[in-house]
Amino acid sequence: MLNIAHKNKSLTVYEFLNKSLNNEYIDGINIDVVMTRDERVVYFTSVNTTITEISQIQENNYSTIKQEQFLTLKELLEYIKDSEKSILINILSVYNLNEYNLKEINRKNKQFIANILKDIELYSNKKFYLYSENNAIVKLLQSIKIKRKNIVMGLSVSEQNLNFQDVDFYVIRPNMISQEIIDVLFIREKEVMVNLIDNNDFIITLDSITSHKLELLKTKYKSLYLINRYPEILNKVLGI
């Protein structure tokens, strides 16, 4: 199993990055990215990824929102350039439907993806996992011809997109783990990542996972990714 860290509210951006880079039990980091009004890709460090918070960033230029807790994706990659740990990038779609029509939203999402690819193209030594819960974003990712082997694309599975688009990997929540879903993904020979970051009580959730659902996953997957805010607890409880 792989221990993938996501920032929690007790850490600053640089504390999180340094902790993730300097602890052997952390195998990679998961970051959320948003595009600002002036089309800069920003590492979204908020603990609660609400549509309101995301929209506020999307509707302002980077110079307006730039504070100590914000980094551009380019700045983040430069900071961690010497690390060989995996990087998971969750692409948060454009949300403001009041100002933009669907055509404009699609244009912005295309530009968003193009900017992400431009930022990561210099780091061929790293493996990038790009994914989104938004079907439109995933389809845009699939439509782009990428020759680099260090980039893979995935879908964050929710109740709204249970069609399981054919991607390289899937991110699923604990409440969606079932024998049926795991069997489908295993047959397709896809990597699976369990998203633990949206659960208010990490300990209770972890206990419920370890009791039965984690065993179900472990029987199928040797390389199981657990995305979480408290990798040190995961390391102590599960020994990973």
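Which residues of the largest nonpolar core touch the most other members? In this predicted model, they are Val33, Leu73, Ile89, Ile91, Ile120, Phe128 and Leu130, out of 34 residues in that core. Helix 5, residues 102-120, gives the most to this core. Its contribution is five residues. A second core is separate and holds 19 residues. Val157, Ile181, Val194 and Leu196 are among them.

Strand 2 spans residues 28-35. Eight of its eight residues are buried, so the strand is largely enclosed by the rest of the structure. In a regular strand, side chains alternate between the two faces of the sheet. Here, Gly28, Asn30, Asp32 and Val34 point one way from strand 2. Ile29, Ile31, Val33 and Met35 point the other way. Both sets are buried.

Strand 2 pairs with several other strands. With strand 1 (residues 2-5), the pairing is parallel and rests on two bridges. Ala5 has Ile29 of strand 2 as its bridge partner. Strand 5 (residues 86-91) also runs parallel to strand 2, and six bridges join the two. In this pairing, Asp32 stands opposite Asn90 of strand 5. Strand 3 (residues 41-44) pairs with strand 2 in the antiparallel sense, over four bridges. Met35 lies opposite Val41 of strand 3. Strands 2 and 3 form a hairpin, with five residues between them. Within the turn, Glu39 has a positive phi of about 65°.

Helix 1 covers residues 13-22. Its buried residues are Val13, Phe16, Leu17 and Ser20. Seen down the helix axis, these buried residues fall within an arc of 95°, so they line one face of helix 1. An α-helix has 3.6 residues a turn, so residues three or four places apart point the same way. Which elements cover the buried residues of helix 1? The cover includes strand 1, strand 2 and strand 3. Strand 4 (71-72) and helix 4 (73-79) also take part in covering these residues.

Key
Residues numbered from 1 in each chain as written. Predicted model: local features only at pLDDT ≥ 70, side-chain atom pairs only at ≥ 80, totals over all residues. Heavy atoms only, no water. Core = buried A, V, L, I, M, F, W, Y, C linked by side-chain atoms within 4.5 Å. Buried < 20%, exposed > 50% of the residue type's maximum accessible area, 1.4 Å probe, protein only. Pairing = 2+ DSSP bridges. Arc of directions from axis to C-beta. Contact = heavy atoms within 4.5 Å.
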